[in-house]
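Please keep the sequence and the model in view.

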Amino acid sequence: DNTEVLFSQGSMNFYNGMTGNRGDFAVSDSLVQLYDQENDYRRYFFGKNQSTSANSLQWKYDTIAVPHVSDIYTLRIAEGYLNLAEAYAMEDNFQGANQYLRLLRESRIRNYVHTTYTGEKLVEEIRLERRRELCFEGHRWFDLRRYSVCEKYPYKKKIYRQFSFYNSANVLERTATYVLEEDDPAYVFAIPKNVLEFDTKPMPDNQRPERIPLEQ
């Protein structure tokens with residue numbers, strides 16, 4: 001019955017995985033810091049795990065026993081506004097882009113006063129708003145992939161991930177940091193094994209470089 005949800009299908013995947021507990025996932029500091037901690041209502045999405053001090057995802061989704069709004073197969077009015085804003089910005093229709101960016105922010109930020117943006121700064125603000133608004137709804141990875149090949153305003157970044165290794169007694173042995181470089185081949189998905197086997201002519205897979213962790 002949420003008036004902002006246009007379509008939803010399926011259950012939720014993340015509601016019990018973003019706890020910040022050891023062995024579970026945590027929300028990045030860089031994402032949490034994007035929100036105005038005083039005025040942005042979305043800051044309540046996140047909390048702190050008391051045992052690990054990691055950021056947890058608490059209130060973005062309904063956390064009843066059988067969640068009934070998907071975190072991936074969902075279309076919301078906010079996404080529509082952001083799609084319109086980005087399309088207008090790429091056409092240099094700054095008035096239209098600012099209109100939909102303002103409409104969204106007015107409903108998310110207390111006492112919001114809009115600044116009119118143009119050009120690359122406008123696109124940057126829309127991309128930041130997509131990250132804030134659509135986090136954990138299956139958009140971020142695909143957004144980063146398409147930003148990197150955007151001819152007008154390309155954006156590329158390195159992605160760092162830490163992986164911890166535990167022994168059989170569940171004691172931490174080491175933590176390794178891996179980096180996904182800009183334009184890394186892994187930005188393109190691997191070809192499924194069954195497709196490679198079915199092809200009558202040898203088809204090369206999308207190769208992956210060897211992953212060597214950064215020096216600890």
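Leu-214 lies in the segment after helix H6 (193-198). Helices here are DSSP runs of H or I with at least four residues, strands are runs of E with at least two, and both are numbered from the N terminus. The model is predicted: local features need pLDDT of at least 70, side-chain atom pairs count only at pLDDT 80 or more, and totals for chains, interfaces and linings use all residues. Residues are numbered from 1 along each chain as its sequence is written, and side-chain values use heavy atoms, with hydrogens and water left out.

Leu-214 is partly exposed, at 37% relative accessible area. On this scale, buried means under 20%, exposed means over 50%, and partly exposed lies in between (1.4 Å probe, protein chains only). Leu-214 touches Tyr-160, Thr-177 and Val-179, leaving aside residues up to four places away in sequence. Contact means heavy atoms within 4.5 Å. Phe-165 is 49 residues from Leu-214 in sequence, and their C-alpha atoms are 15 Å apart.

## The chain as a whole

The protein chain has six helices and six strands. Their order from the N terminus is β-α-β-β-β-α-α-α-α-β-β-α. The C-alpha atoms fill a box of roughly 55 × 50 × 35 Å along the principal axes. Of the 216 residues, 34% are buried. Take the contacts between residues at least 6 apart in sequence: 57% of them join residues at least 24 apart.

## H3 against H4

How do the axes of H3 and H4 lie, at what angle and how far apart? Helix H3 (residues 94-106) packs on helix H4 (residues 119-133) at about 30 degrees, and the axes are 11 Å apart. H3 is therefore roughly parallel to H4. Angles under 35 degrees count as roughly parallel, over 145 as roughly antiparallel, 65 to 115 as roughly perpendicular and the rest as oblique. Axes are lines fitted to C-alpha atoms, for helices over the stretch in contact, and angles run from 0 to 180 degrees between N-to-C directions.

The crossing of H3 and H4 is left-handed: the near helix is turned anticlockwise from the far one by less than a right angle. H3 contributes Phe-94, Ala-97, Asn-98, Leu-101, Leu-104 and Arg-105 to the contact, and H4 contributes Gly-119, Leu-122, Glu-125, Ile-126, Glu-129, Arg-132 and Glu-133.

One of these residues is Glu-129, in helix H4. Is Glu-129 buried or exposed? Glu-129 is buried, with a relative accessible area of 0%. Its contacts, not counting residues up to four places away in sequence, are Arg-42, Leu-82, Leu-101, Leu-104 and Arg-105.

## Positive phi and cysteines

Most residues other than glycine have a negative phi. Ser-53 has a positive one, near 65 degrees, and sits in the loop between strand S2 (46-48) and strand S3 (55-57). Asp-92 also has a positive phi, near 65 degrees. Its place is the loop between helix H2 (77-90) and H3.

A search of the whole structure finds zero disulfides (pairs of cysteine sulfur atoms within 2.5 Å).

| Residue | Relative accessibility | Class |
|---|---|---|
| Cys-135 | 8% | buried |
| Cys-150 | 16% | buried |
| Ser-53 | 53% | exposed |
| Asp-92 | 40% | partly exposed |
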